[in-house]
Structure formats: structure tokens, C-alpha cells
Amino acid sequence: MKTTTKGILIVALILAIVPFVSPNSYYTDLAIRMAINAVIVLGLNLLIGFAGQISLGHAGFLGIGAYASAVLPTHFGWHPLLAMGAGALATGILAALVARPIFKLKGHYLAMATLGLGIIINIALRNEAQWTGGPDGMPVPAMGLFGFELSSDKQWYWVVAALLVISVWASLNLIDSPFGRALRALHGSEVASQVVGVDVARYKVIVFVMSAMFASLMGSVTAHYIGFVSPNFADFFHSIELVTMVVVGGMASVFGSLVGAVLLTALPQALATFEGWETVVFGAILMGFMIFLPKGIVPTLAAKFGKGE
Amino acid sequence: MSMLEVKDLSIHFGGVKAVQNVTFNIDSGIVYSVIGPNGAGKTTLFNLITGVYKPTTGEIKLDGEAIHGKSPNELARRGVARTFQNLQICMNMSAIENVMVGAHLRLDRNLFKAALRFPTLRKRDAELREEAAELMRFVGLEKYIETRADAMSYGALKRLEISRALAMKPRLIFLDEPAAGLNPKETIEVDHLVRKIADSGVTVVLVEHDMKMVMNLSDRILVLDYGKKLAEGTGEEVRKNPDVIAAYLGAHA
């Protein structure tokens, strides 16, 4: 069996076992948030790890999705699924519009431009108080379909777990396809991929739009799950957190994305006992990772034990 | 009609006139070499023709169609391939994947079919892997089919670039110093390889400093010096040209 197939099975197995060994709803809640982050990080890793671009504004896209799911059903009576789709579509259009000019930039300049975009979205959410509740945020109606309402943690868990397995499968398929090879090639050498016919500008736009829409959809999911949105959800620190998950888990590694998301979602919880010092300890752990595992956890271990992903 | 027509081609970088009013034609099916001292503008000329740079003035026609100012990926569609003097290998991919990227334009690049693992796409990819392995054997890289690109030697990477270019199934291939940095044995192998490529019907344009290889392979030679055309003709004609001798050996030779 191929290593990737084994990987998916292992992920599915772990996800199937978790709810039965989870001692209480606190852990189920943690698992749900891990899985949601994992899906977002998978999309972000396509952009950062595989295509070699950067976005420091991804939480902004999460925010658009989350607020679409809050505002459209509350103020306009839209069905939550329709609102979710509209949010993703709006995010996709916005991402496509800004991508062309933004991806003329590289490196630090690109990082700054995406950072600015994220901040603008955040400010808009904060200031449009009559729609968004401003800095206080607003409640989000429950997600339902055909009279069935997603309410208990267990139900949410299975939905999110299914989303995660599908995302892992689709990501693995994508990177091992003509499309995915072109993405990785433009990371490796832009000029070489251009001369073999890859429309580099177009591919950058597509992967950016795709990962932004991924984020928007998961923003909607998070909003419905938590039942509340606030602008903090779309702020700069959340963007940085997501990028950190990509880097710690491993750039250009699908399973690394999962490890990064799980670890960095759990870590702040585990460090809560340090009372006030947790950010310092958190920072120290991150620095340790960067010094000793600069390529991220999964690629480093894979290289050490002589196995590809 | 010539396959490639270059007329009065110039590019200026600020005050530096890297290529000035260069005119030449390349007929289909030949090996055409561009030689000249370091800094003569050979690589710049390649970059102009393959769309990496836009010319300041002048025109380039491929089969009668103007192609100057078009981007490299548009030229790739028209069957123009190239390799690079300073290697441009995707070190984040395996050797065979580098070759497979060369076939980009011949594949179904649909994002959704890829994500959903469409059987037609998978089948084509499996065939392509075979094709790419075959190309690696053709250029003498059979040992490296399962290797990561970043674990290969310089000489092997040079040939990997050539096999990637061939994966495009080009009509016209530009090889920028394929033998630079290679030992004599490897140089002879590349010499044979270029001959094989030309024999397969691909028009070859070669930049190379190894004069033995150039004289041995070329049907016609263009000599550049300080961005200007110094001479053009068969190997014999170029070798006897007093301007060329002066440029290479000094004015009093």
C-alpha cells in the first residue's frame, strides 16, 4: 500500500477513535477545534508550503466566512448553507481581485501586502457595527438542514472529522497531479516553470483564491459551531497562528499540516497552568522548533527515518 | 522560409547595450551555435528569444509569426524549449517529477478533476511517468529515476534540464552551455546527446564554450562580441574570419 494511503487510513482511524476515548466534552471541543484548524492549515499549506507564496492575512478570509454566516441569516433570513456559500464566493472574488496586483510582489513585500489586506478586513468588521455588532461581535444562528439541527458536540465532531478526511484526501490528490506539480514547480523555479509553459501568474492567483475560499468555508463552520463571532477571530494574531501551524508542522507536507494544527491548538491549553507566563513558554517552544526542526516536524522525521510522505 | 528570423534585435539595460542590432535566421532541422567571449550577450540573446526579456527594439519571428514580447509560457505553447546556463531545477521535487513538469502543456490541468482523483487523469499521469522515465534513459539518467533532484550531481542536473525540455516535445530547443562545468567524458556524452536530439528532428540552438563540440556539431555558427554580430557562417567560414580571430586571440594575432 502506498504511504499516502496508509496516512489517510491512520488519520481516519484516529478520528474514529477519539470520541470514544474522550473523557468529557472539553476534549471533544478541543478535538473539533483541532480538526477545523487542520483543514484551514491544509489550504494554507498549499499556498505557503507547496506554491511557496505567503499570506499573513488569512484570518481575514476566515472572518468573511464567519461573518457571512452570522450576518446574512440574522439580518436577511438567509439559509445558513446559502450564507456559507455566499461568504465563500465573496471571499473568492475578493481574493481574485487583489491577487493579480499582490502577486506581482515577492517575499517580504508580498507578506506586507497580505498583512494589510487582513487588517483592512478586520477593521471593516469592527467598524460596520450596525451589521456586525462591532468589537462586541454577534451571535450566529444554528446550522441546520431539512429540519435537522447541528447542535451537540458529537454531531459537530463527525461533520468536522469527515471534512478533514476529505480535505486530506483531496490535498494529497492535488499535489500529485499536473496542477499540483505546476504549483510545486513554480516554487522551485519560477523561470523554469514559465519556460515549460506554466502560466505562473495565473497559478498563483488560483492557489490563493482556493486557499482563501477554504478558509472562508471553515470560518463559517467555526462560527456556527461556536455560535458567536467577534472581530478577534479575523485579527492579525490569528493569521500568524495559522502560518505558525504550517511552519511547525512542516511546509509542503500534508500530514505536517495536521500535526502543526493539532499541536498548536493543544499547546496553549496545556500551558494554561503557567498562569501569565504561557505566552513566554509558548514562544520558547516555537523558537525551539525553529532551531532544531527548521523544516517542520513531519518532514524532519520523514527524512530521519528515510521515508517519503 | 526560415524557422526563426531575428531582425535588428537590441536590448538595453540602462546604459548597457547587451545586444545590439543582431540579425540572423535559423533554418528548420539544423544545429545552430552562438559563440563569443564571456559577456558577449549570448545568454541575453537566449533570454530575448525565449521571452524571459522583452527586446528594446527589433523583431523575432517564429514560422513567420512575430513572437517578441510574448511571455515564456506562450512561447512554450509554440514548441520553444530551453535549458539554463545556471541550473534551474526544482529542488523541492524528485528528478522524474522535474521531467514530468516539462509535459505540463500536454496534460489535463483541471484543478477539480485532480482533487477528486479522476481515473482519466491518473491513467495519463501513470503513462507520463513511463514517458518521463524513458526520456531520462534517453539522456543517460537511468540511475536517477527514483532520486530526489537535490541529491544529484551537477553533471546529472544539466542533463535533467535537457530531459525536462524534451518532455515538452519541442520543435526548437535552446541549450545554454550544456557542457559547462562537465569533465571531458561527460562533455563527450553531451556532445552525443545533442547529436541525438538534432537527429530526432528538433532544431537545436546551442551556446557553448567548448569549441571542439561546437565545430563538431554545428551546421551554422553566429559569433557575438560586445553584444554585436561579429560573423556568421559555417564552422569553416567562421574559423577563418579575421574579426573572429582578433576577438578570440587579440587584435595582433
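**Entry 1: chain A as a whole**

I began with contacts in chain A: among those between residues at least 6 apart in sequence, 76% join residues at least 24 apart. I count two residues as in contact if their C-beta atoms, placed from the backbone, lie within 7 Å.

A note to myself on the source: this is a predicted model, where local features need pLDDT of at least 70 and side-chain atom pairs count only at pLDDT 80 or more, while totals for chains, interfaces and linings use all residues. Residues are numbered from 1 along each chain as its sequence is written, and chains are lettered from A and ligands numbered from 1 in the order in which they are written.

Next I looked up the secondary structure and found 14 helices and four strands in chain A. Helices (H or I, at least four residues) and strands (E, at least two) are DSSP runs, numbered from the N terminus.

How does the radius of gyration of chain A fit a compact globule? Chain A has 19 Å, which agrees with the value near 19 Å for a compact globule of 309 residues. The radius is taken over C-alpha atoms, and the globule rule is 2.2 Å times the number of residues to the power 0.38. I also noted that the C-alpha trace of chain A spans about 50 × 45 × 45 Å along its principal axes.

Of the 309 residues in chain A, 49% are buried. Buried means that 20 or more other C-beta atoms lie within 10 Å of the residue's own (exposed is 12 or fewer, partly exposed is in between), with C-beta atoms placed from the backbone.

**Entry 2: α3 and α10 of chain A**

I followed helix α3 (residues 58-76) of chain A to helix α10 (residues 200-226) of chain A; their axes come within 7 Å and cross at roughly 50°. Axes are lines fitted to C-alpha atoms, for helices over the stretch in contact, and angles run from 0 to 180 degrees between N-to-C directions.

α3(A) and α10(A) are therefore oblique to each other. Angles under 35 degrees count as roughly parallel, over 145 as roughly antiparallel, 65 to 115 as roughly perpendicular and the rest as oblique.

The crossing of α3(A) with α10(A) is right-handed. That word applies if the near helix is turned clockwise from the far one by less than a right angle, and left-handed if anticlockwise.

On the α3(A) side I found F61(A), G63(A) and G65(A) among the residues that meet α10(A), whose own share includes G219(A) and A223(A). By class, this contact of α3(A) with α10(A) has eleven nonpolar, nine polar and no charged residues. Ala, Val, Leu, Ile, Met, Phe, Trp, Tyr, Cys and Pro count as nonpolar, Asp, Glu, Lys and Arg as charged, and the others, Gly among them, as polar.

**Entry 3: α2 and α12 of chain A**

Where do I find the next pair? Helix α2 (residues 25-50) of chain A and helix α12 (residues 254-270) of chain A have axes that come within 8 Å and cross at roughly 135°. That makes α2(A) oblique to α12(A), and their crossing is right-handed.

R33(A) is one of the α2(A) residues in this contact, and α12(A) brings residues including G260(A) and Q269(A).

Chain B has ten helices and ten strands. Buried residues are 45% of its 253 residues.

The contact takes 25 residues from chain A and 32 residues from chain B. α8(A) gives the most to the chain A side, with nine residues.
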